[in-house]
Amino acid sequence: MTTSLNTQFGIKGHLGFIEDASGLVVAKIDNDQGSASLCLQGAHLMTWQPRNQKTPVVWLSKDAKLAAGKSIRGGAPVCWPWFGAHPVESAFPGHGYARTVPWRVVESGIEPCGATRLSLRLVASDKTREQWPHECNVDLTVIVGETLRMELTTENTGDNDFVIGEALHTYFQIGDIGTVSVSGLEGCEYWDKVGGSSLKRQQGAIGFSGETDRVYINTAAECVIHDEMLKRRIHVAKSGSLSTVVWTPWVEKANKMGDLGQPDGWREMLCVESANALDNQVKVAAGTRHTLIVEYRAVSL
Ligand code: BG6
């Protein structure tokens with residue numbers, strides 16, 4: 001499997017494919033500007049570190065496991081075609097099925113700036129059609145360089161309109177959750193998912209002193225994670241996305257989840273997810289396409 005992938009899509013000095021002990025295939029990207037890895041199952045970007053940073057920018061749990069049909073803890077899970085619980089079918093997986101099914105490589109290349117490009121398409125099956133009976137193409141392109149760009153495109157190839165929820169659910173590496181803040185969402189409304197669900201308005205920058213699980217709505221703003229310990233800022237820019245989800249589980253939930261790098265791994269991650277969720281789900285009309293794009297960069301202080 002990896003031999004033909006390497007022959008068709010491998011690029012010397014940029015991109016190769018390996019098979020993990022689990023049997024899943026991982027794309028390894030390494031160029032002059034940075035490195036990254038991506039599991040073909042789920043089109044799940046697992047790691048990214050630009051050369052200008054001593055510490056990875058995307059966080060992967062040390063307990064992360066690769067296993068067929070299971071989501072990987074950390075990286076940038078692709079949540080699609082719904083975000084959170086399915087609105088009607090409680091047996092359907094949270095955050096959709098895209099992150100746990102095979103995707104196939106469709107293209108690779110080098111950008112004019114020297115970054116490496118890799119594109120994948122979700123492989124539909126009878127099982128996915130049971131949960132999503134719509135004709136469509138779902139593609140993820142990642143461009144790995146000094147910045148990380150990801151483009152998630154949904155193309156409705158059928159005759160009927162459909163509505164999707166989605167997110168690039170990125171876990172960022174931080175020094176310590178108690179010393180970071182997030183700016184860019186001041187004044188925005190959010191659904192606070194801790195202890196029920198209520199609509200609130202953000203005052204000032206976001207700081208963290210307990211479980212935080214919020215869906216900020218109607219915001220296209222760039223967010224910035226300010227990290228005093230790692231002495232850097234992470235910029236999260238986006239387009240085609242009107243929700244931003246900010247999530248940290250804190251100690252109790254992290255202990256329950258058990259795969260966040262016990263005992264303190266959860267302190268070193270923060271999710272800032274570029275999404276279209278709740279009020280911002282997207283109608284993709286028949287014959288049209290919709291693209292959610294993120295671009296991340298880290299700036300040392
Ligand atoms: C966040 C949700 O996006 O993802 C949280 O807002 C959820 O409620 C978290 O706990 C992790 O989800 P999962 O399915 O990867 O465990």
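Where is the place of P263? In this predicted model, P263 sits in the loop between α3 (250-257) and β21 (269-276). A cis peptide bond joins P263 to Q262, with omega about 0 degrees. A cis bond also links W80 and P81, again with omega about 0 degrees. P81 belongs to the loop between β5 (78-79) and β6.

The loop between β5 and β6 also holds H95. Phi of H95 is positive, near 65 degrees, although the residue is not a glycine. H95 counts as buried because its relative accessibility is 14%, under the 20% cut-off. W250 is another non-glycine residue with a positive phi, about 65 degrees. W250 is part of helix α3. Its relative accessibility is 18%, so W250 is likewise counted as buried.

H95 is among the residues that surround the ligand. R99 places a side-chain N or O atom 2.8 Å from a ligand oxygen. For R73, a polar side-chain atom lies 3.0 Å from an oxygen atom of the ligand. For K193, the corresponding distance to a ligand oxygen is 3.1 Å. The protein covers 82% of the 400 Å² of accessible area that the ligand has on its own.

Helix α1 spans residues 2-9, and its buried residues are T2, L5 and F9. Seen down the helix axis, these residues fall within an arc of 60 degrees, so they line one face of α1. They pack against β1 (15-19), β2 (25-30) and β6 (103-110). T3, T7 and Q8 are exposed on the other side of α1.

How values were computed:
Residues are numbered from 1 along each chain as its sequence is written. This is a predicted model: local features need pLDDT of at least 70, side-chain atom pairs count only at pLDDT 80 or more; totals for chains, interfaces and linings use all residues. Side-chain values use heavy atoms; hydrogens and water are left out. Buried means under 20% relative accessible area, exposed over 50%, partly exposed in between (1.4 Å probe, protein chains only). Helices (H or I, at least four residues) and strands (E, at least two) are DSSP runs, numbered from the N terminus. The arc is that of the directions from the helix axis to the C-beta atoms. Contact means heavy atoms within 4.5 Å. A residue is near a molecule or strand if one of its heavy atoms lies within 4 Å of it. A polar contact is a pair of N or O atoms within 3.5 Å; within protein, one must be able to donate a hydrogen and the other to accept it, and residues adjacent in sequence count only if both atoms are side-chain atoms. Accessible areas come from the Shrake-Rupley method with a 1.4 Å probe; for residues, only the protein chains shown count as cover.
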